[in-house]
Amino acid sequence: MASPANAVAARAPLAGGALVALTAGVALATFMEVLDISIVNVSVRTIAGNLGVSNTEGTMAISAYSMASAIVQPLTGWISRRFGEVKTFGFSVALFVVFSVLCGLANSMTMLIVFRLLQGAVSGPMVPLSQSILLNNYPPAKRPLALALWAMMVVVAPVFGPIMGGWITDNYSWAWIFFINIPIGLFALLVTWVLLRKRETRTAKIPLDGIGLFLLAVGVGSLQFMLDKGNDYDWFSSKLIIVLGIIALVCLTFLVAWELMHKHPVVNLRLLGRRNFGIGVLCLSVGMFAFFGGTVVLPTWLQQVMGYNATWAGFAVAPIGILAIIMSPVVGATQSHFDLRVLNSIGFAIFAACSFWMASQDTSVGYAQVAIPRLVMGAGIALFFVPVNQIILSGLPDEEIASASGLSNFLRTLAGSVATAVSTTMYEHRTTFHHAMLVQHTQDGAATTQAYLTGLGQAGLQGMPAYASLNKIVNAQAATLASNDVFWCFGLMFGLAMITIWFTKPPFTGGSGGGGH
C-alpha cells in the first residue's frame, strides 16, 4: 500500500496556477481521446482509397478503436487500484501518442487497423481517470466545476470531430488527423507528470479476475462488432451477426453473475446497486442514446435529401456546441444552489422540445431552421450532462470514483454505439415503410399524380424521366417522414428520462459524504 504521507498528499487539493495547468492538461487529453472516436469517420473514404481497399474495410479502422476502448473502459478501476491513477493515466496518454503516430505512418489497412486497435485499448482509462484525477485534486467546493469542464469536453468533442477530420483531410493529408495528437498528448503528459508524480493514489496488489476479464473481452468485443457491422450485414439475416449476438448474450450474462459473486471483480457491478449511481447511469445512458442517435440521423438526412455535403452537414450539427461550451462552466459553478433533479429535468425538457421541433421538418427548410434547434439543444447538454454526473458520483468514497467513472463511461459509450446502430436501422426501415405508403397514393390514374405528370410533360419531361423525377420526390418525402419518426421517438425517450431522474435521492455530494444509497 502507499505510505500515509503519500495518501494525504494525494488528497490535498491543488490551487492557483497548478490547478489551472492541470485542468488544461487533463481537459485536452479528454478532448483528444473522445475526438478520435469521430474524427476518422468522415475520412474513411479517403483513407480507404489511398490504401487501396473498399470503404467497408476502411470502417474497420473505426470499429477496432471503439471495440478496444469499450473493453478496457470498465477495467479502469482495477488497473488504477493496482498501479495507481497517475501512472495509469500517464502511460495511457504516452502510448496513445505513440500509436497515433504509428496510425499516421501506416501504409496498409492491416497496419492501420492493428494500430487503431492498440490506440483504442490504451485510450480506455483516459476519460474515466481524467474525471477521477480532476475530482481528487480539486477543492471539494469546486468539484462541480471540475465535473462541468470534464463533461463539456466529453460531449463537445464528438460534434467537432467530423468537421475537423473533413477539413484536415481536404486541406492536408488524412495522416494529420492522427499527428495532431502529438502536441496535445505531450502537453497533457508533461503537466500531469510535473504536478502529480508525487501525488499518486493508494495502490494494492489485487489478484486478477481472469475469468471475468475473458468474459468481458469476448462479450463486449462481440457486442461492439455486432453493433458496428449489423447494418452492413442486414442484422439477423446474417449468420455472423446471429453468432456474435449469441456469444455476446452468453458471455455478458455469465459476466454479471460471476462479477457479483467474485471477491475481487474486474468490474465492480455492485455499484449499480447504489440508488443514485444506478438511476443516474440509466438516465445518462438513455439521454446519450437519444442524443447520439439524433446526431447520426440528422446529417444522414441532410446529405441524402437536402443535398448537403459532409462539411455543411457538420456545420448544421455543430451549433449544439456553442451553448454547451458557454453554459457548462456556469452550471458547474452554480449547481450547488439548486436541486440537481430540477436542472436535469430542465435539460431533458429542452432535449425533448428540440427533438419534437426537429420532428416537424420538411424538405423546404433552410440551414437556419436546421441549425437553430441544435443551438438551443446545447443548453440542454449543460443542464443534463453536468448535473447527472454529479448525481452518479454522489456518496461514493474517493477510492471508488475511478471504478464508478469507468463503469459509467463504459455504459455511456455503449449507449452511443447502440444508438448509432438502432437509429440508422430505424431510419432505413421507416424510410422503406413510408415509401411503400406514399407509392399507394401515386398510382397511374390518380388525379394528383396525373396533374403532376402533366406539369412535368409541359416542362418537357415525359415517359421514364418523368417517373424517375416523381420517384425521387417520393424518396425524399419518405426519408423526411422517417427522420421525423426517429426524432419523435427520441423526444419521448427524453421525456421518460425527465421522470426517471426523480427517483434519485439527495444529498448529491461527492467524496465520502452521504447519499447515493
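Select helix α2 (residues 16–38) and helix α12 (residues 181–196), whose axes come within 9 Å and cross at roughly 140 degrees; helices here are DSSP runs of H or I with at least four residues, numbered from the N terminus, and axes are lines fitted to C-alpha atoms over the stretch in contact, with angles running from 0 to 180 degrees between N-to-C directions. That angle makes α2 oblique to α12, because angles under 35 degrees count as roughly parallel, over 145 as roughly antiparallel, 65 to 115 as roughly perpendicular and the rest as oblique. The model is predicted, so local features need pLDDT of at least 70 and side-chain atom pairs count only at pLDDT 80 or more, while totals for chains, interfaces and linings use all residues. Residues are numbered from 1 along each chain as its sequence is written, and side-chain values use heavy atoms, with hydrogens and water left out.

Staying with this pair, α2 passes α12 in a left-handed crossing (left-handed if the near helix is turned anticlockwise from the far one by less than a right angle, right-handed if clockwise). Show the contact residues (heavy atoms within 4.5 Å), including Ala21, Leu28 and Asp36 of α2 and Ile184, Phe187 and Val191 of α12. They divide into 14 nonpolar, four polar and one charged, where Ala, Val, Leu, Ile, Met, Phe, Trp, Tyr, Cys and Pro count as nonpolar, Asp, Glu, Lys and Arg as charged, and the others, Gly among them, as polar.

Next, select helix α9 (residues 126–137) and helix α20 (residues 401–439), whose axes come within 8 Å and cross at roughly 140 degrees, which makes α9 oblique to α20. Here α9 passes α20 in a right-handed crossing. Among the residues making the contact are Val127, Ser132 and Leu135 of α9 and Ile401, Ala402 and Arg412 of α20; by class, the contact has six nonpolar, six polar and one charged residues.

Within α9, centre on serine 132, which counts as buried because its relative accessibility is 0% (buried means under 20% relative accessible area, exposed over 50%, partly exposed in between, with a 1.4 Å probe and protein chains only). Leaving aside residues up to four places away in sequence, serine 132 touches Glu85, Ile401 and Ala402.

Finally, select helix α5 (residues 60–72), whose 13 residues should span 18 Å at 1.5 Å a residue, in agreement with its end C-alpha atoms, which are 18 Å apart; the expected span is 1.5 Å times one less than the number of residues. Colouring by accessibility shows α5 mostly covered, with 11 of its 13 residues buried, including Tyr65, Ile71 and Val72.

Notes: Helices (H or I, at least four residues) and strands (E, at least two) are DSSP runs, numbered from the N terminus.
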